[in-house]
Amino acid sequence: MRLGQALAIVGFASLIAAKGGRGYGGGDDTEATGTSSSPASTATGAVGSSDASNSTSALTGTVNLSYMTITVVVDGSTIQYTMQSTGKGELGWMALGFGQQMANSPMVIMWPNQDGSITVSQRTAPGEVMPTLDSNPPRIATADAAASDLTGSQPKLTFTIPYEAGSTQDIIWAFGETNPGDSSKSANLEQHVDSGSTRITFSTDPNQVSGGEIDLPLLQYQKLIVAHAILCTVGFLILLPAGAILARYARTFTSGWFKGHWLFQFALAGPIIFTGAILGIVSVKEAAAKHLDDDHKKWGIAIFVLYLAQCSLGAVVHWVKPSSWTVKKKRPIQNYFHAILGLLVIGLSFYQVRTGYKTEWVKTTGRPPIGKAADIVWYIWVVLVPVLYFAGLALLSKQFRQERPAGKQAQPDEYALRNSYADEPRYTDRR
């Protein structure tokens, strides 16, 4: 089961390098702080005003990211931020937030309009949800049309904001490819294509470049997500398959197979799966996000309900024995349905775990995708589990022979084990 234990990497891999919050837009139509500049200049050149950029004592900072480059120039009591597209994606909107997470961080979101003007929208959000206009931001941001450039494949948007003394600034950022098509500061924004967090270090050396993505500690809701991922992975992809494979093989060799099957499927997996599901729900609440607003959350609830139905059906199969079985030894239809439903739950769990670490983690936290190690383990496990189970189907003929009524047995000595457990219905044990 070492390989099975290794599957926990899928959950633990969520502890890798941090990325920042998500970037959304939208909100009420109430006018709040933000500006819409006059048509932007098409001139190119150094970021910032000429006085600031030519001053040898000016503090500057630059950080290169996948979709944008962020450059800052401190000029006395004002600091200028420039977000320039790298050309990797078509510019729809760009955003900066001052902090390490999306929750409660003041954000400045900018986008160009068809008339050449630039909209600046200052927003906040209580968590991983759409930010809304901030009617009283701690600092007022103003579009710098002269330093902005909307031409070419690498347009840039610039704003100025009062400078808060310090040598570094933690920033969350986001890049969207869909322009709102509306100059209103409360316009709705399509979700970003990339986001993250970084730290800009201010220096008098204009050539100094800060690091790109930075490691940030997991937030409380992210820790809950990691715990949810680990528990659900162990429950659905280790314990449930182990119980199914044990039943498939052991039922033809020992009358004690049901005890092991029940232990894996319910006694061990039940508390782990239940706790994992609860942690997932709590993590959504902790992040101030919406419940059941995407496929992963919806499928998670559906699979959990199917698991409970499967356990209930297993109890019915074990305790309720129709006369077709007790008298004629004819396998009841619910036995077949129980086996099929069990395989369905495990199959859906493979899909669910993969979407969890592949897309949901990135979408919900803004952190980088889980490393390749998780993919490798998932690919091995998704092949190995079906191979082990379906190989056990070779024992079906032996199982059916053992379950025949005594009068139909060809050679009693050929089925020496039958007397001890052949009369036991599927997924049951002697009492």
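Here is a short chat about the salt bridges and a surface patch of a predicted model.

Q: Hi! Before we start, what does the model rest on?
A: It is predicted, so local features need pLDDT of at least 70 and side-chain atom pairs count only at pLDDT 80 or more, while totals for chains, interfaces and linings use all residues. Residues are numbered from 1 along each chain as its sequence is written, and side-chain values use heavy atoms, without hydrogens and water.

Q: Great. How many salt bridges does a search of the whole structure find?
A: The search finds 6, where a salt bridge is a side-chain nitrogen of Lys or Arg within 4 Å of a carboxyl oxygen of Asp or Glu.

Q: Which side chain meets Arg 354 in one?
A: That is Asp 375, at 2.8 Å, N to O. Asp 375 lies in helix H9 (residues 372-391) and Arg 354 in helix H8, so the pair ties together parts 21 residues apart in sequence. Helices are DSSP runs of H or I with at least four residues, numbered from the N terminus.

Q: And are those two buried or exposed?
A: Both Asp 375 and Arg 354 are buried. Buried means under 20% relative accessible area, exposed over 50%, partly exposed in between (1.4 Å probe, protein chains only).

Q: Where does Lys 358 come in?
A: The Lys 358 side chain also forms a salt bridge with Asp 375, at 2.7 Å, N to O. Lys 358 is partly exposed, with a relative accessible area of 34%. Shared partners join Arg 354, Lys 358 and Asp 375 into one network.

Q: New topic: where is Ile 278 found?
A: Ile 278 is in helix H5, and is partly exposed at 38% relative accessible area.

How values were computed:
Helix = DSSP H or I, 4+ residues; strand = E, 2+ residues; numbered from the N terminus.
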